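Colleague: Before we discuss this model, I would like to go through the terms one by one and hear what each of them rests on.

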Amino acid sequence: MKIKMLKLAAFNFILAFILLGCEQEFDNVIEIYNPDYQVKLVSPSDSIQYNPVDSLITIRIAFNSPSNIQSVFCDVYAADNAKLNSSPISLLDNGKLVNGDDVNGDGSFANKFPLSEFYPNGIYNIKYFVTDKSNSTNQVALGTFKFDNGQTNIAPVISDDIVDPDTAIVAGTTVILTSIKTFDQNGLSDIDKVYFLVYRPDGTTNNSQNLMFDDGNLTEHGDLSSGDGIYSLLIQITSTNQKGTYRLEFQAKDRGGKLSNIINHSLLIQ
């Protein structure tokens, strides 16, 4: 069983920072299998807001030389990592505006793809693939853009906090279940993260966010059911932990950056 250790400085947090800009030269090519089709740029790579009149975006990838390319396609992943297309999206270099392509045979491949107001806000990924004339298919680039679904963003709400047990006499090792119920009026897919901070008996904290999970992984996280809005985390207390009353401060954050209410729960270690 993999259990998070609750110690004085045992809480780790990884912050991924993604830079967004307008269409630009692309320097994060996954692999170059043939110099005849080195990636020059991808788009979109900026911020996009849902437009009820025209929900289509143009997906594009350009190459320095397309001579060895047989076909190009891509897959689009939402902010919650859900794949939006059921089949590969073909990108075409046919000069047809209906596909979003301007010039035939110029090495720029494009097609249009619809976005929905019901898709979650946040960072989207596009994986680009090339099949060359030897029928070898490889991923050649990864693009990102930020999507705003245009809906009024309402902050999430948390409730029904559980710390079980919340009083522990520790001689050896004690496993404690933490759990919180999370609701978001914009849908559970709008939840970016649910976490708690730990304040020691002396009132200090290292401000590390202990991420909780709604993945149905009972063994590692103590979560009973995936996707039900109840986030859980197992922590482990040992005799080396400072004795006294800890405060666990629970909170959730949505993909639009809004924070939920805060719930505090006491944990007494004796």
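Colleague: Why is serine 260 called buried?

Modeller: Serine 260 has a relative accessible area of 7%, and buried means under 20%, with exposed over 50% and partly exposed in between, for a 1.4 Å probe and protein chains only; serine 260 is therefore buried. This is a predicted model, in which local features need pLDDT of at least 70 and side-chain atom pairs count only at pLDDT 80 or more, while totals for chains, interfaces and linings use all residues. Residues are numbered from 1 along each chain as its sequence is written, and side-chain values use heavy atoms, with hydrogens and water left out.

Colleague: What does the side chain of serine 260 reach, and which residues does serine 260 touch?

Modeller: The side chain reaches the backbone nitrogen of alanine 252 at 2.8 Å, to be set against the limit for a polar contact, a pair of N or O atoms within 3.5 Å, where within protein one must be able to donate a hydrogen and the other to accept it, and residues adjacent in sequence count only if both atoms are side-chain atoms. Leaving aside residues up to four places away in sequence, serine 260 touches Pro156, Val157, Ile158, Gln251 and Ala252, contact being heavy atoms within 4.5 Å.

Colleague: What makes strand 3 largely enclosed?

Modeller: In strand 3 (residues 39-43), 4 of the 5 residues are buried, so the strand is largely enclosed by the rest of the structure; strands (E, at least two residues) and helices (H or I, at least four) are DSSP runs numbered from the N terminus.

Colleague: How do you know that strand 3 and strand 5 pair?

Modeller: Two strands pair if DSSP finds at least two bridges between them, and strand 3 and strand 5 (residues 56-63) have 4, in the antiparallel sense. Valine 42 has isoleucine 61 of strand 5 as its bridge partner.

Colleague: Which residues have the most contacts inside the largest nonpolar core?

Modeller: They are Ile59, Ile61, Phe63, Leu91, Tyr128 and Val140, in a core of 28 residues. Strand 3 and strand 5 are among the strands that each supply at least two residues of this core. Such a core is a set of buried Ala, Val, Leu, Ile, Met, Phe, Trp, Tyr and Cys residues joined through side-chain atoms within 4.5 Å. Isoleucine 61 touches residues including Val39, Leu41, Val72, Leu91, Tyr128 and Val140.
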